[in-house]
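Let's go through this model together and ask, term by term, what the labels rest on. Each answer sets a value beside its cut-off.

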Amino acid sequence: MPYEGLTWGPLSAADAADVAGLAERCHAADGGVAEVTIHRYAEPGAITTGGRTASGALAASAVVRRVGERAVASGLVDPGYRSQGVGGRLLDWALGAASALTAGSSSGGAGESSGGAGEAVTGVTVETEALTPAAERLFASRGLRRVFAEDVMRFDLVGSEPPAIAFPPGVRLDAWSSETAGRFFAVYEAAFRDRPGFPGWPAERWVAWTAGDDEFRPQWSVLAVDGDADAGFVTCADGWIVQVGVRPEWRGRGLGAALVAEALRRMRDAGAGTALLDVNVNNPAGALYTRLGFTTVSRRAKFEPRGY
């Protein structure tokens, strides 16, 4: 039977510290990056709900946001309140709120905050920062199938030295700038266009996605150049290696490993304590990152209704 000892209601900015505490407890148990989860609850237009104990502690929460043309839902259940039906209740609420958005309404049922009507969205996605076997079983019980998964990997810049990997002879490095951004994009396109799910963005959109917020670190983002030819690149944000790409003709020559090692050295020299990156579970680069000293801390995943 569902756990009935929680009082449910919408969350607001006044609940930010409680959401942060719940996210940190969940990710301490499951892995993942709490800051990413916390940010979702503060997004404009987010629809939220939370379950509190008799003492007022936040034991569970969920959020539904509009991301592009989809309604995207995620939730948290305190480790001490699992296996009591709370996760199922949250998921059902989230799917209902997301379905309301696809119908062009911001109303998600009792106990949520409304984010404004806006335009209708076209589909529903459920996402998690730390996929567990129990969560995967719960999603399957609601007719959801996994459509995407990537591992979050971490390098400890305090306890470990970045690997000493030399660049191939003759390779120099050019830093990110407004003048070199287009060259970065050209290498990105060459490196990733044969990958499944390649979005085919124009240069302007990719550059804006890469460098369009305050966390981007151009001084850690470099282009590897062989003579007059751009061969590979790495882009970084605060605490993150965002993308690493190598032109196909340069694969297998150690350039990607050297770029990652260079980024780690620059991050460490700037005082960063850890470096994180994402790698698709089907990407063979995961084995490279493991050899370089990264460890897997969680698995991100997205689920959608079967038959979508």
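Q: Why is Phe-184 called buried?
A: Its relative accessible area is 0%. Buried means under 20%, exposed means over 50%, and partly exposed lies in between, with a 1.4 Å probe and protein chains only. Phe-184 is under the cut-off, so it counts as buried.

Q: Before we go on, what kind of model is this?
A: It is a predicted model, in which local features need pLDDT of at least 70 and side-chain atom pairs count only at pLDDT 80 or more, while totals for chains, interfaces and linings use all residues. Residues are numbered from 1 along each chain as its sequence is written, and side-chain values use heavy atoms, with hydrogens and water left out.

Q: What makes Phe-184 and Phe-233 an edge-to-face pair?
A: Phe, Tyr and Trp rings (for Trp, the six-membered ring) pair if their centres lie within 6.5 Å; planes under 30 degrees apart count as stacked, over 60 as edge-to-face and the rest as tilted. By this rule there are 14 aromatic pairs. For Phe-184 and Phe-233 the centres are 6.2 Å apart and the planes stand at 70°, so this pair is edge-to-face.

Q: How do you know that this pair ties together parts that are apart in sequence?
A: Phe-184 lies in helix H5 (residues 181-192) and Phe-233 in strand S9 (residues 229-237), so the pair ties together parts 49 residues apart in sequence. Helices (H or I, at least four residues) and strands (E, at least two) are DSSP runs, numbered from the N terminus. Phe-233 is also buried, at 0% relative accessibility. Ring pairs link both residues into a cluster whose members include Trp-176, Tyr-188 and Trp-206.

Q: Is Gly-200 buried, exposed or partly exposed, and what makes it so?
A: Gly-200 has 48% relative accessibility, so it counts as partly exposed. This glycine lies in the loop between H5 and helix H6 (203-211). Gly-200 and Glu-189 are eleven residues apart in sequence and 8.0 Å apart in space, C-alpha to C-alpha.

Q: Why is Ser-83 called exposed?
A: Its relative accessible area is 83%, so Ser-83 falls in the exposed class. It sits in the loop between strand S4 (70-77) and helix H3 (86-102). Ser-83 also has a positive phi of about 60°, although it is not a glycine.

Q: What makes Arg-40 count as buried?
A: At 8% relative accessibility, Arg-40 counts as buried. Its place is in helix H2 (residues 34-41). Leaving out residues up to four places away in sequence, Arg-40 touches Ala-46, Val-63, Arg-65, Ser-74, Glu-127 and Glu-129; contact means heavy atoms within 4.5 Å.

Q: Which class does Lys-302 belong to, and what makes it so?
A: With 35% relative accessibility, Lys-302 counts as partly exposed. Lys-302 lies in strand S12 (residues 295-305). Among the residues that Lys-302 touches are Thr-125, Glu-127 and Phe-148.

Q: How do you know that the radius of gyration agrees with a compact globule?
A: The radius is taken over C-alpha atoms, and the globule rule is 2.2 Å times the number of residues to the power 0.38. For 308 residues a compact globule would have a radius near 19 Å, and the protein chain has 21 Å, which agrees. Of these residues, 48% count as buried.
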